[in-house]
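Subject: Structure for you to look at, with notes

Dear colleague,

Please find below the structure I promised to pass on, together with my notes on what turned up in it. I would be grateful if you could read the notes with the model open beside you.

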Amino acid sequence: MSDRHISQHFETVAIHAGNTADPLTGAVVPPIYQVSTYKQDGVGGLRGGYEYSRSANPTRTALEENLAALEGGRRGLAFASGLAAEDCLLRTLLGPGDHVVIPNDAYGGTFRLFAKVVSRWGVEWSVADTSDPAAVRDAITPNTKAIWVETPSNPLLGITDIAALSHVAREAGVKLVVDNTFASPYLQQPLSLGADVVVHSLTKYMGGHSDVVGGALVVADQELGEELAYHQNAMGAVAGPMDAWLVLRGIKTLAVRMDRHSENATKAAEMLTRHARVTHVLYPGLPEHPGHETAAKQMRSFGGMVSFRVEGGEEAAVEVCNRAKVFTLGESLGGVESLIEHPGRMTHASVAGSLLEVPADLVRLSVGIENVDDLLEDLKQALG
């Protein structure tokens, strides 16, 4: 449905890849093919490769081509949610007795998937600080099949050197999986740095408007892409046509949104470092962040996520969240509107008591694209 080589410039690819004009009407936006089945040209004669929308749907195909182009991959696959994408990947790569190295800071849902779901069918996992390649190397066992990374990580905004870990993965003969949700392909392209698989929650920056749930996998290897597509069809957690269309619409403005998210987040982080009630600010754009140099090397800019710790402990952090007015108290992230949350009680409650437990005095911000002065004033009044 598209010429993947329209342009080398991200903004142009984001708008055009997978988005060729409809051949029947000339519509410049791919139609929403709200259809379950397709008329075949004789028994076994699939028209355009379509037979049933779990297996393939033209709107989803457009999104998958777009995702592959943006990440520089050979195959993109769109799912019903980010966790559905992760589940398909794990069940494709792993079997009973296999082992995965996971990060010491990760989305609570990802940890729950490892700790409470895949572990029940014999998959083992261990935790390592992925910002330290030596620590990851030490965590690899003879049964390790994959290294799982989030960078920037959720919610502590840790940075992993993707190129360095790709060398560790290749030496061990294992796959390197990078969750690129916080950065988006506009800010960071893990496959170009040596990763094997990129994971996205399309719900976040890719959709960008808090109106769709979706997930994606993009791979560098065509054969792995075919294996994933087989499992996707067999398990069935695919993106619906309306969801695929909404994500495609969001991606068209991804570049301009990410520029504004990053600009606003930088100003918010700088203000927070000067506030008397803030004890620590976690943002890779700050020069004092331990991963700043690595982030500057592998990212276009530093993204829209900021976390900070407040004096007074857990109750003080919860109160900051409750007092915010422009920042909406809510889970998720990456929409045009700013969100605030308490990870320990909300998005990361599932990691309580584990090696991934987050500080009780932590507040996480998804900094939106509103006027930054309004955002800064809201944070000041919420902090008191």
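**The open sheet and its strands**

In this predicted model, 5 strands form an open sheet in the order S8-S9-S12-S11-S10, and the pairing is mixed. Its edge strands, each of which pairs on one side only, are strand S8 (278-282) and strand S10 (328-329). Helices (H or I, at least four residues) and strands (E, at least two) are DSSP runs, numbered from the N terminus, and two strands are said to pair if DSSP finds at least two bridges between them.

Before going further, a note on the conventions: residues are numbered from 1 along each chain as its sequence is written. Because the model is predicted, local features need pLDDT of at least 70 and side-chain atom pairs count only at pLDDT 80 or more, whereas totals for chains, interfaces and linings use all residues, and side-chain values use heavy atoms, with hydrogens and water left out.

Within the sheet, strand S11 (residues 339-341) and strand S12 (residues 362-366) run antiparallel and are joined by 3 bridges, with Leu339 having Ser366 as its bridge partner in S12. These two strands are also linked through side chains, since Glu341 in strand S11 and Arg364 in strand S12, 23 residues apart, meet in a salt bridge (3.1 Å, N to O). A salt bridge here is a side-chain nitrogen of Lys or Arg within 4 Å of a carboxyl oxygen of Asp or Glu. Both Glu341 and Arg364 are buried, where buried means under 20% relative accessible area, exposed over 50%, and partly exposed in between (1.4 Å probe, protein chains only).

Leaving aside residues up to four places away in sequence, Thr328 touches Ser338, Leu339 and Ile340, contact meaning heavy atoms within 4.5 Å. The C-alpha atoms of Thr328 and Leu365 are separated by 9.7 Å, although the two residues are 37 residues apart along the chain.

**The loop between S11 and S12**

His342 lies in the loop between S11 and S12 and, at 3% relative accessibility, counts as buried. What does the side chain of His342 reach on the backbone of Ala360? The side chain of His342 reaches the backbone oxygen of Ala360 at 2.7 Å, and also the backbone nitrogen of Arg345 at 3.1 Å; a polar contact of this kind is a pair of N or O atoms within 3.5 Å, of which, within protein, one must be able to donate a hydrogen and the other to accept it, residues adjacent in sequence counting only if both atoms are side-chain atoms. Not counting residues up to four places away in sequence, the residues that His342 touches include Glu314, Ala317, Val318 and Cys321.

**Other salt bridges**

A search of the whole structure finds 15 salt bridges. One of them joins Arg60 to Glu64, with the closest N and O atoms 3.5 Å apart, and both residues lie in helix H2 (residues 58-71), 4 residues apart, about one turn of the helix. Arg60 is buried, with a relative accessible area of 2%, and Glu64, at 11% relative accessibility, counts as buried too.

Arg249 forms a salt bridge with Asp211, the closest N and O atoms being 2.9 Å apart. This pair links distant parts of the chain, as Arg249 is in helix H9 (residues 241-251) and Asp211 in the loop between strand S6 (197-201) and strand S7 (215-219), 38 residues apart. Arg249 is partly exposed at 38%, and Asp211 is partly exposed at 36%.

Strand S1 (residues 75-79) is mostly covered, 4 of its 5 residues being buried. S1 and S7 run antiparallel and are joined by 5 bridges, and in S7 the bridge partner of Gly76 is Val218.

The structure holds 4 aromatic pairs, among them Phe114 and Trp148, which are edge-to-face at 5.5 Å centre to centre with 85 degrees between the planes. Phe114 lies in helix H4 (residues 108-117) and Trp148 in strand S4 (residues 144-150), so the pair ties together parts that are 34 residues apart in sequence. Both Phe114 and Trp148 are buried. For this term, rings of Phe, Tyr and Trp (its six-membered ring) pair if their centres lie within 6.5 Å, and planes under 30 degrees apart count as stacked, over 60 as edge-to-face and the rest as tilted.

With best wishes
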